[in-house]
Amino acid sequence: MNSDFLSGGIRDGLNFVSKLTPKRTVNALKVLASYYRSRRTGRADARGLPMSISFEPTTSCNLRCPECPSGLRSFTRPTGMLGEDLYKRTIDELHETLLYLIFYFQGEPYLHPQFLDLVRYATDRNIYTATSTNAHYLTDANARKTVESGLDRLIISIDGTTQAVYEQYRVGGKLEKVLEGTRNIIKWKKALKSRTPHVVFQFLVVRPNEHQIAEVKQLARDLGVDEVGLKTAQIYDYEQGNSLIPTLDHYSRYAPQTDGTYQIKNGFGDHCWKMWHSCVITWDGLVVPCCFDKDAHHRMGDLQQQSFRDLWQSQPYNDFRQTLLRSRSEIEMCKNCTEGTKVWA
């Protein structure tokens, strides 16, 4: 790993640790203990509150990426924007124990007109905040507001180092807009003497771009980006092969079989840490178990109608956890899950 990337990672790690408080630490220990107790006994028992949640600012997106429901416009659930009241009410309920807040599920967060105000609300409560963006809206003004909002981590999707390669996955996107947005963020970090956000180039490794891995690392160094994340791609129809599956086995979630088909490399047992320490909240207040439930089929509750605490330890949620402990194969979305494997560069 490059020494510049390493030092950036250390700074980010120290920033994350600085968010710990006695209440958050005690809650994390409760969550961890209940998870391992559940695995050992085979009986679902969730204690404490989530250490991490993902809030969906919007389902809208400007791009048309081929493996993304937002890009494909294939949602059965409605498109909309996260309401400020719902968001603030939830943060007010959870902020004393919540450590990590991700502003992303589906869609492009910067399309939400109050997005950076939402970030500031969490920053003021000393919560570690992160988002993922295609960077097309990181104008000079938005870049400055991003730094001023206190956002801790900014993940920029950059799936190619040339326009011809980039647009094969980021359909409708312009690489130069991504680079311009990145430069704007780095500029304002320096101008405002801010160590945040920790800027990550996320490179989704697919067959069209796998030859550019070394190039994206060099590009990140040239621009002053803090970290490069090489992410494996989830492919929906992978069994018969797919033109996006990399030829580099290390970066593929799927293994070729002797008969020409593919199988997922999933060695996980009947358990899932995410069901105990995190969840996802859609723009309209539905709570779903994880980011693989993109169309919100597994609805654990509705924050428009109940408090988060009641929902988190409800019978439906524990029944879902119990199903995982019994057999993950009973849950369709878990069959194509490797928990978003990344290889950090």
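**Exercise 1.** In which loop does A296 lie? Then describe its backbone and its burial.

*Solution.* Step 1: A296 lies in the loop between β10 (286-288) and β11 (301-302). Helices (H or I, at least four residues) and strands (E, at least two) are DSSP runs, numbered from the N terminus. The model is predicted, so local features need pLDDT of at least 70, side-chain atom pairs count only at pLDDT 80 or more, and totals for chains, interfaces and linings use all residues. Residues are numbered from 1 along each chain as its sequence is written, and side-chain values use heavy atoms, with hydrogens and water left out.

Step 1: A296 is not a glycine, although its phi is positive, about 55 degrees.

Step 2: The relative accessible area of A296 is 1%, so A296 is buried. Buried means under 20% relative accessible area, exposed over 50%, and partly exposed in between (1.4 Å probe, protein chains only).

**Exercise 2.** Describe A135 in the manner of Exercise 1.

*Solution.* Step 1: The loop between β3 (128-133) and α6 (140-149) holds A135.

Step 1: A135 has a positive phi of about 70 degrees and is not a glycine.

Step 2: A135 has a relative accessible area of 1% and is therefore buried.

**Exercise 3.** Find the cis peptide bond from T196 and place its proline.

*Solution.* Step 1: The bond that runs from T196 to P197 is cis, its omega being near 0 degrees.

Step 1: P197 sits in the loop between α8 (175-191) and β5 (198-205).

**Exercise 4.** Is H298 buried or partly exposed? Also list its contacts.

*Solution.* Step 1: H298 belongs to the loop between β10 and β11.

Step 1: With a relative accessible area of 25%, H298 is partly exposed.

Step 2: Leaving aside residues up to four places away in sequence, H298 touches V287, V288, P289, D293, F320, I331 and M333. A contact means heavy atoms within 4.5 Å.

Step 3: Take I331 from that list. H298 and I331 are 33 residues apart along the chain, and their C-alpha atoms are separated by 9.5 Å.

**Exercise 5.** Which residues of the largest nonpolar core touch the most other members?

*Solution.* Step 1: A nonpolar core is a set of buried Ala, Val, Leu, Ile, Met, Phe, Trp, Tyr and Cys residues joined through side-chain atoms within 4.5 Å.

Step 1: The largest such core has 90 residues, and Y87, L101, F201, V287 and F308 touch the most other members.

Step 2: V287 touches residues including C279, I281, H298, M300, F308 and Y317, when residues up to four places away in sequence are not counted.

Step 3: A second, separate core has five residues, among them F105, V280, L286 and A296.

**Exercise 6.** How many helices and strands does the chain have? Then judge its overall form.

*Solution.* Step 1: There are 12 helices and 12 strands in the chain.

Step 1: The radius of gyration is 20 Å, close to the 20 Å given by the globule rule for 345 residues, so the chain is as compact as a globular protein of that length. This radius is taken over C-alpha atoms, and the rule is 2.2 Å times the number of residues to the power 0.38.

Step 2: Of the 345 residues in the chain, 56% are buried.
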